[in-house]
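Reader: I have a structure open and have not looked at it before. Can we go through it together?

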Number of protein chains: 2
Amino acid sequence: MQIVFVLFDRITALDAIGPYEVLSRLPGADVRFAGLAAGPYRTDRGIALVADHALADLRPEILVVPGGPGARAVNADPRLLDWLRQAHAGTRYTTSVCTGSLLLGAAGLLQGLEATTHWGYYEELAATGARPVARRVVEQGKIVTAAGVSAGIDMALTLAARIAGEEVAQAIQLGIEYDPQPPFDAGSPGRAPAGVLALARSRLSNRPAAAT
Amino acid sequence: MQIVFVLFDRITALDAIGPYEVLSRLPGADVRFAGLAAGPYRTDRGIALVADHALADLRPEILVVPGGPGARAVNADPRLLDWLRQAHAGTRYTTSVCTGSLLLGAAGLLQGLEATTHWGYYEELAATGARPVARRVVEQGKIVTAAGVSAGIDMALTLAARIAGEEVAQAIQLGIEYDPQPPFDAGSPGRAPAGVLALARSRLSNRPAAAT
């Protein structure tokens, strides 16, 4: 079962590594990190992830498109959008995390569908023809989108259960000890204190121009 | 503020990337991924993370030691244990995720202290002289240890609040939309169904011999 994670420059590392840590534990998983070219890709916060493969060589059964500030530039790359369309035609599941859904949308794959993204980017998502919803994980047939960054873990566990059953998904959850206990209840814009929301908005740098 | 993540072969990627995604967002953060030698390190599930630096060149203010099956082999490397002892003498915080605490223990840094690790490795942790506790995050002065894999996110948010205050920590939590909604309640051995626990135990491959 080939599972392909799409890398590009200025990706957000956890968008990829969260679901990777879940899906790589599925029986039969054959995980590939891949970019337009093989090689290292620099994340938005400085460290590098390695693409061992070029996208053109792969035909994923499961496709995961992470997000990050780089999703804006890559967005405009017709080679990536072409590959996404072509790959999607053959996938069992096409998924995204965070602003990765903007890439799926730019490829025309979300037209008229419910989808989600990071809470700061609903307008940009709508501009691609999708119908943004503020949920952690949104399933529309074989397209599954997740909210911001850390939501990829929840998305991947949902997907793992669809693929391998709930017992395997739960064993994976236990294996990565995913019993989250955030020290604060500030992880969604609806519950974060107003000052925290204002601070988080000011920290959302590199937002696509359409949102400003 | 130099924040160093220690890489080695067969590291678990999320052990590093979870806290990285939080701590890299601290004001003034200067994040370095480093190994005994600079270069790519292959994780336990196949993909590679890049160490841009050699540990010997760094003097961390914040030290993060991830875990993974490779923590067993590295454990025995006196160069790494020497570096950990030396670095710890100068840190503001010395932290671990998952079986990373076995490395801190092997370096002699946990003697008599409460500490935690992945739920499958309490015995090995005890063998290093630590007093294992089944908590998500354990703080003992400047030493902060986290439970398995995904617990590094909770640990890092706790640490972020100590370093930069609760408002900044909460803005980081909101920035990565850390509003976890696991589809199952199976993330701890105390609450997972018995069949899931048995399956997860059977999947814990590469356990240090002392545990078997």
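Reader: Which residue forms a salt bridge with A:Arg42?
Author: That partner is B:Asp52, and the closest N and O atoms are 2.8 Å apart. Keep in mind that this is a predicted model.

Reader: How many salt bridges does the rule find across the interface of chain A and chain B?
Author: Four salt bridges are found across the interface of chain A and chain B. Over all chains, the structure holds 22 salt bridges.

Reader: Which elements of chain A give two or more residues to the side that touches chain B?
Author: On chain A they are helix H1 (13-23), strand E2 (30-35), strand E4 (48-51), helix H6 (151-164), helix H7 (166-175) and helix H8 (194-203). The largest share comes from H7(A), with 10 residues.

Reader: How do the residues on that side of chain A divide into nonpolar, polar and charged?
Author: There are 35 nonpolar, 17 polar and 15 charged residues on the side of chain A that touches chain B.

Reader: What area is buried between the chains?
Author: About 5,700 Å² is buried between chain A and chain B, and carbon and sulfur atoms give 60% of that. In chain A, the residues that lose the most area to chain B are A:Leu174, A:Glu177 and A:Phe184, together 14% of what that side buries.

Reader: How many residues does the contact take from each chain?
Author: It takes 67 residues from chain A and 67 residues from chain B.

Reader: Now the arrangement. What rotation superposes chain A on chain B?
Author: A rotation of 180° does it, with 0.0 Å of shift along the axis and an RMSD of 0.0 Å. The two copies are therefore related as by a two-fold rotation axis. The C-alpha of A:Leu49 is the one in chain A nearest the axis, at 2.7 Å from it. Both copies use the same surface, since 100% of the contact residues of chain A recur in chain B.

Reader: Different topic. Where is B:Asp179?
Author: B:Asp179 sits in the loop between helix H7 (166-175) and helix H8 (194-203) of chain B.

Reader: Is B:Asp179 buried or exposed?
Author: B:Asp179 has a relative accessible area of 13%, so it counts as buried; the cut-off for buried is under 20%.

Reader: What is B:Asp179 in contact with?
Author: Leaving aside neighbours within four places in sequence, B:Asp179 is in contact with A:Arg136, A:Ser150, A:Gly187, A:Ser188 and A:Arg191. The side chains of B:Asp179 and B:Gln181 are also joined by a polar contact of 3.1 Å.

Reader: Back to salt bridges. Which residue does B:Glu139 pair with?
Author: B:Glu139 forms a salt bridge with B:Arg162, where the closest N and O atoms are 2.7 Å apart. B:Glu139 is in strand E10 (residues 137-140) of chain B and B:Arg162 is in helix H6 (residues 151-164) of chain B, so the pair ties together parts 23 residues apart in sequence. B:Glu139 is partly exposed at 30% relative accessible area, and B:Arg162 is partly exposed at 46%. Elsewhere, salt bridges that share partners join A:Asp179, B:Asp185 and B:Arg191 into one network.

Reader: What about A:Arg25, which residue does its side chain meet in a salt bridge?
Author: The side chain of A:Arg25 meets that of A:Glu21, at 2.6 Å from N to O. Both A:Arg25 and A:Glu21 are buried.

Reader: And which residue does A:Asp30 form a salt bridge with?
Author: A:Asp30 forms one with A:Arg32, and the closest N and O atoms are 2.9 Å apart. A:Asp30 counts as partly exposed, at 29% relative accessibility.

Reader: How many residues of helix H1 of chain B are buried?
Author: In helix H1 (residues 13-23) of chain B, 11 of its 11 residues are buried. Among them are B:Ala13, B:Tyr20 and B:Leu23.

Reader: Last one. Where does A:Gly175 lie?
Author: A:Gly175 lies in helix H7 of chain A and counts as buried, at 16% relative accessibility. Beyond its neighbours within four places in sequence, A:Gly175 is in contact with B:His118 and B:Val149. A:Gly175 and A:Ala194 are 19 residues apart in sequence and 36 Å apart in space, C-alpha to C-alpha.

Key
Residues numbered from 1 in each chain as written. Chains lettered and ligands numbered in written order. Predicted model: local features only at pLDDT ≥ 70, side-chain atom pairs only at ≥ 80, totals over all residues. Heavy atoms only, no water. Least-squares fit on C-alpha atoms with pLDDT ≥ 70 in both. Contact = heavy atoms within 4.5 Å. Buried area = accessible area lost by both parts, 1.4 Å probe. Helix = DSSP H or I, 4+ residues; strand = E, 2+ residues; numbered from the N terminus. Nonpolar A, V, L, I, M, F, W, Y, C, P; charged D, E, K, R; others polar. Buried < 20%, exposed > 50% of the residue type's maximum accessible area, 1.4 Å probe, protein only. Polar contact = N/O pair within 3.5 Å; in protein donor to acceptor, adjacent residues only side chain to side chain.
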